[in-house]
Amino acid sequence: MDLYQGLKQSYLDDFDMMLSGYVPGAPALEAVGQIAQELKRKAKAKPGSFFWVLDPVMGDNGNLYVAPDVVPVYKSLVHHADLVLPNQFEAELLSEVEITDMPSIGRAIQVMHERYGIPHIVITSVSLPHPDHPVSSLSVVGSSMTSDRKSRAFKIVFPAIDCYFSGTGDMFAALMVVRMREAVHNSSSKNGSSLPAAPNGDGPGAGAGAGAVLMERESWLSDDGVDALDLPLAKAAEKVLASMHEVLTKTAESMEGTIKKAQAGVAADAVDGPGKGAEGKKMHLLKSKAAELRLVRHLDSLRYPEVEFRATKLTY
């Protein structure tokens, strides 16, 4: 909070977007929430001028890796966010819906739209069997709500890579920030129809004018008539997954050679080395290093990914 106050005092708080991720304790998370809410209040007179992407990092595979008091803080904050990026376990915590199949994940999304009014949701790392999915696959499931908080859900299925990587969650969230803004801008350029105002002059389209564009709407929400597959959120997720798949594939390809080279080095050092315990620790650290995503070496995969996996409608 002190850092943010310093930025304010230097007039460096004119942010367009904010991405928040792992925060281990409740007091720190509350401070992050206060910053986001202040920035949203500041932008209220100019709809669409600030967009908060919230990654509610709480745990995975049924286990929390934050303090238990962090969960209710997230539940109190998510209704302020514009885009929320929970994984399957975190979506269960927020919605209180047990996710066992695609219909239940659709219900969880609907609950989050209705209960919290979250405009955009993308659930990551979804591992659920489905007749239409390949055996070894994962999916992301997303939705942008309508004006009456109904879901417009889609899913993107992609091959699972049998390998451990470090930093995939951070990469996904960071790319979603960039690609969501890009997709909304592209949508605004193509068709800038305005949302209708309510009879009393209120509502999402009040004062928008006939030429209003999507980036000038609160939370960048598309008209109710926009199909799930045409949502900027779906277009953004397609590009993000394209980059992710390319980078992860290339990282996995190089990982095998890196580990073999490391093993040879450790074996050579072991001749006059300090013993098996030290060898094991060194090998563990070398494997962890090999698992780090090779982003800098594959910038073209971030900038110009080839979109191979397309969104399809989620029916439930």
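This passage describes the fold, the confidence and several local features of a predicted model.

The model is predicted, and for that reason local features are considered at a pLDDT of at least 70 and side-chain atom pairs count only at pLDDT 80 or more, whereas totals for chains, interfaces and linings use all residues. Residues are numbered from 1 along each chain as its sequence is written, and side-chain values use heavy atoms, with hydrogens and water left out.

The chain contains nine helices and nine strands, both taken as DSSP runs numbered from the N terminus (helices: H or I, at least four residues; strands: E, at least two). Of the 316 residues in the chain, 45% are buried, where buried means under 20% relative accessible area, exposed over 50% and partly exposed in between, for a 1.4 Å probe and protein chains only. Among the contacts in the chain with a separation of 6 or more, 71% join residues 24 or more positions apart, a contact being defined by heavy atoms within 4.5 Å. The average pLDDT of the chain is 87, and 87% of the residues score at least 70; pLDDT is the predictor's confidence in each residue, on a scale from 0 to 100. Over residues 192-211, however, pLDDT stays under 50, and for this stretch the model has 23 contacts beyond four places in sequence. Where pLDDT is low, the predicted coordinates should not be read in detail.

Helix 2 (residues 26-42) packs against helix 3 (residues 70-77) at an angle of about 10 degrees, with the axes 9 Å apart. Helix 2 is therefore roughly parallel to helix 3, given that angles under 35 degrees count as roughly parallel, over 145 as roughly antiparallel, 65 to 115 as roughly perpendicular and the rest as oblique. Helix 2 contributes A26, L29, E30, G33 and Q37 to this contact, and helix 3 contributes V70, V73, Y74 and L77.

Helix 6 (residues 168-190) has 23 residues and reaches 32 Å from its first C-alpha to its last, close to the 33 Å expected at 1.5 Å a residue. Its buried residues include M171, F172, L175, M176, R179 and M180.

E96 is placed in the loop between helix 4 (88-95) and helix 5 and counts as exposed, at 57% relative accessibility. W220, found in the loop between helix 6 and helix 7 (232-270), is buried, with a relative accessible area of 1%.

Within helix 5 (residues 102-116) lies R107, which is partly exposed at a relative accessible area of 45%. R107 and Y316 are 209 residues apart in sequence, while their C-alpha atoms are 7.9 Å apart in space.

Notes: Axes are lines fitted to C-alpha atoms, for helices over the stretch in contact, and angles run from 0 to 180 degrees between N-to-C directions. The expected span of a helix is 1.5 Å times one less than its number of residues.
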